[in-house]
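This report covers strand pairing and helix packing. The chain is shown first.

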Amino acid sequence: MIRMLYLQTNNVLVEIKTITYLDKKENITKQGYLVGDKLFSHLPKKVLNNSFLLTNWNRALKYNVNEEMISDGIEIKNSTSSWNQIEFDLYLDYENERLKTLSKDVFANKIISQTTFQTTFLHKIIESYNKFKTDNDFMIDYELFSQVICQTVKQTPLNIDGDLVNKNFDLNYKKVKWNKIIKLGNETKLERTKNNQLVYLVNKDKINSPIKDIFKYINFATDECFCCGYVKIQNDEKLYLNLEFESDILISDLKEQVFKELKPLFNDSKEKYLHYYNITSNLDFLIEDLNQFKNEGYFETKNLLEQQFEEIKQNYYQQFYSENLLKQMLFYKVNTLSELVDYRENLTRYGVVSLDDKKEIDLRQKALNS
């Protein structure tokens, strides 16, 4: 079974040269069609009927007739050119480390299988595909494709809050949103940007991972990875890829290494569990944070949480009032009508009020009113 990665669908203009020519072998004047590096005695009517004169197609990829490949044995008397658009899919055959072109159309398959197309024109397609390449010039090991199921992407995420980014990520890049970020760098420390965004810097030399050079962003909450680099294909060409994949094993291992490197920075901090959550996206650390105040009342707990939020310049109410276990831990502290009103308002503001939530709130309100 050949394993292949879909890259894109291509539309190419193919030159069809209608010619009158002398067949030198038979010494007979004939009519035919030159397409690529082949001489056809006839073409499908739908191809000829759908052909057109070239007008405003300056940016289209054009596959021209290669007369040098077919001039032996014929003498062209006159010719006219028209163009037909073909569609085919481009794949990376990562088992055999080469590009594959495939089409559902019979005529298109005859064209893309030609020697000139595969040896010469395919280079133009690769150049066109590579115009989306990034500055990351790392080679992707083909072994990666046996470890993950991936797909190509062209657009990077718009929100990378809490993601791990690589060393070359520009912290001032304005096209993505984030309040906290983990970044591989030259040393391990905590920084703040001028906008009070948290930056957890990790010494890249302390990390050992097969994807540490090629990844662009990694979402530690979903284990999704965006990576970019190139693979070597036929004729020793570089094909640049932007990939998205999930991998519990690769990303979990990387996450553990990052956490191990950063954890000592915050072991003595009152906000350590919030930092741990920022680094790992593991909700268990928010539970640990709330457990510190298990003997405190509802408003006392909120005040202590707000002190932490102010110190770290981050607001975590979205998590505390939307995650089931965390909001239940707060609900158990509600013992007065004013606390219940505050809980309900925050639940509505930050979370999703389920039917079960409404029932519990109604029951608690009846109990407090009795």
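The sections below describe the sheets, the helices and selected residue pairs of a predicted model.

Eight strands make up an open sheet with mixed pairing, and their order is 7-14-13-12-8-9-11-10.

Leu164 has Ile218 in strand 12 as its bridge partner.

## Helices on the sheet

Helix 5 (residues 248-262) lies across strand 8, strand 9 (180-185), strand 11 (198-203), strand 12, strand 13 (224-232) and strand 14 (238-246). The helix runs at about 100° to strand 11.

Helix 6 (residues 272-280) also packs on the sheet, where it touches strand 9, strand 10 and strand 11. The direction of helix 6 makes about 70° with that of strand 11.

Strand 1 (residues 4-23) and strand 5 (residues 74-93) run antiparallel and are joined by 19 bridges. Ile19 stands opposite Ser79 in strand 5.

Strand 5 is also joined to strand 6 (residues 98-102), again antiparallel, through five bridges. Here Tyr91 has Lys100 in strand 6 as its bridge partner. Strands 5 and 6 form a hairpin with four residues between them. In the turn, Glu97 has a positive phi of about 55°.

Terms used. Residues are numbered from 1 along each chain as its sequence is written. This is a predicted model: local features need pLDDT of at least 70, side-chain atom pairs count only at pLDDT 80 or more; totals for chains, interfaces and linings use all residues. Side-chain values use heavy atoms; hydrogens and water are left out. Two strands pair if DSSP finds at least two bridges between them. Helices (H or I, at least four residues) and strands (E, at least two) are DSSP runs, numbered from the N terminus. Contact means heavy atoms within 4.5 Å. Axes are lines fitted to C-alpha atoms, for helices over the stretch in contact, and angles run from 0 to 180 degrees between N-to-C directions.
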